[in-house]
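Subject: Structure handover

Hello,

Here is the structure for you to look through. My notes on it follow below.

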Amino acid sequence: MEQEAASFDDHAFAPMVSLELNVAMFKSRWQFCDKITEYLSDILGQGHSDPARYSNFLSVATNELIELAFRSTSEPGRISFSLYRSATVNRLRIAFPGEEALGRNHTNARSSEHQPVPGAGTGYLVLKSDGTVLLSDLAAIFRATIRIEKDGGQGIQIIADFPSAEDFR
């Protein structure tokens with residue numbers, strides 16, 4: 001998927017499912033990451049000729065993004081996981097409260113500029129030792145567009161657009 005992710009409020013996307021949890025409850029058990037991943041991945045697989053294969057493949061990326069949110073939020077409030085579908089793209093959106101973490105910067109996994117994104121706790125969301133953002137690896141493997149943005153004035157959102165085509169290799 002070479003094009004930039006469509007804007008979040010694009011009317012071409014139909015809502016599929018949304019799950020909202022209290023951040024404290026979500027962070028109380030690491031296993032919630034696996035349960036939420038399984039639930040969302042099963043829904044993503046619906047409508048495909050081989051739903052188990054598609055959902056299993058995308059569960060890897062979905063799990064990494066959910067775990068990223070788990071590690072990145074420490075603010076009180078709500079965390080939401082939403083799936084949307086268009087004719088060619090499945091979109092996962094994870095929104096959670098965060099301090100003024102992003103300012104004017106954002107990370108786009110398709111961009112050639114990989115800027116660290118400040119987060120709660122350790123200072124950065126996910127960085128390899130060489131300083132490149134791990135999200136770019138996920139984007140390349142899954143032919144996805146993944147970005148992290150400021151969500152209004154008080155939160156962070158992770159938006160991942162996955163092609164709905166089933167020709168993953």
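How many bridges join strand β3 to β6, and do the two run parallel or antiparallel? Nine bridges join β3 (residues 89-97) to β6, and the two strands run antiparallel.

Some ground rules come before the rest. This is a predicted model, in which local features need pLDDT of at least 70, side-chain atom pairs count only at pLDDT 80 or more, and totals for chains, interfaces and linings use all residues. Residues are numbered from 1 along each chain as its sequence is written, and side-chain values use heavy atoms, with hydrogens and water left out.

The chain as a whole

The protein chain has four helices and six strands; helices (H or I, at least four residues) and strands (E, at least two) are DSSP runs, numbered from the N terminus. Along the sequence their order is β-α-α-α-β-β-β-α-β-β. The chain has 169 residues, and 47% of them count as buried. Buried means under 20% relative accessible area, exposed means over 50%, and partly exposed is in between (1.4 Å probe, protein chains only). Take the contacts (heavy atoms within 4.5 Å) between residues at least 6 apart in sequence: 67% of them join residues at least 24 apart.

Strand β6

Strand β6 covers residues 155-163, and nine of its nine residues are buried. In a regular strand the side chains alternate between the two faces of the sheet. In β6 both faces are covered: one side has Gly155, Gln157, Ile159, Asp161 and Pro163, and the other has Ile156, Ile158, Ala160 and Phe162. Besides its bridges to β3, β6 is joined by seven bridges to β5 (residues 145-151), and this pair is also antiparallel. Two strands pair if DSSP finds at least two bridges between them. As examples, Pro97 has Gly155 as its bridge partner in β6, and Ile148 has Ile158.

Helix α3 (residues 51-72) has 22 residues and spans 30 Å from its first C-alpha to its last, close to the 32 Å expected at 1.5 Å a residue. The expected span is 1.5 Å times one less than the number of residues. The helix has a kink of about 35°, centred on Ser59; the bend at a residue is the angle between axes fitted to the seven residues ending there and the seven starting there.

The largest nonpolar core has 34 residues, and those with the most contacts inside it are Leu65, Ile94 and Phe162. Helix α3 gives the most to this core, with eight residues. A nonpolar core is a set of buried Ala, Val, Leu, Ile, Met, Phe, Trp, Tyr and Cys residues joined through side-chain atoms within 4.5 Å. Leaving aside neighbours within four places in sequence, Ile94 has contacts that include Leu65, Ile66, Ala69 and Ile158.

Two single residues

Is Ser86 buried or exposed? Ser86 is buried, because its relative accessible area is 14%. Ser86 sits in the loop between β2 and β3 and, not counting residues up to four places away in sequence, touches Ala12 and Phe13. Ser86 and Ala12 are 74 residues apart along the chain, with their C-alpha atoms separated by 5.6 Å.

Arg78 lies in strand β2 (residues 78-85) and is partly exposed, with a relative accessible area of 44%. From Arg78 to Met25 is 53 residues in sequence and 9.4 Å in space, C-alpha to C-alpha.

Regards
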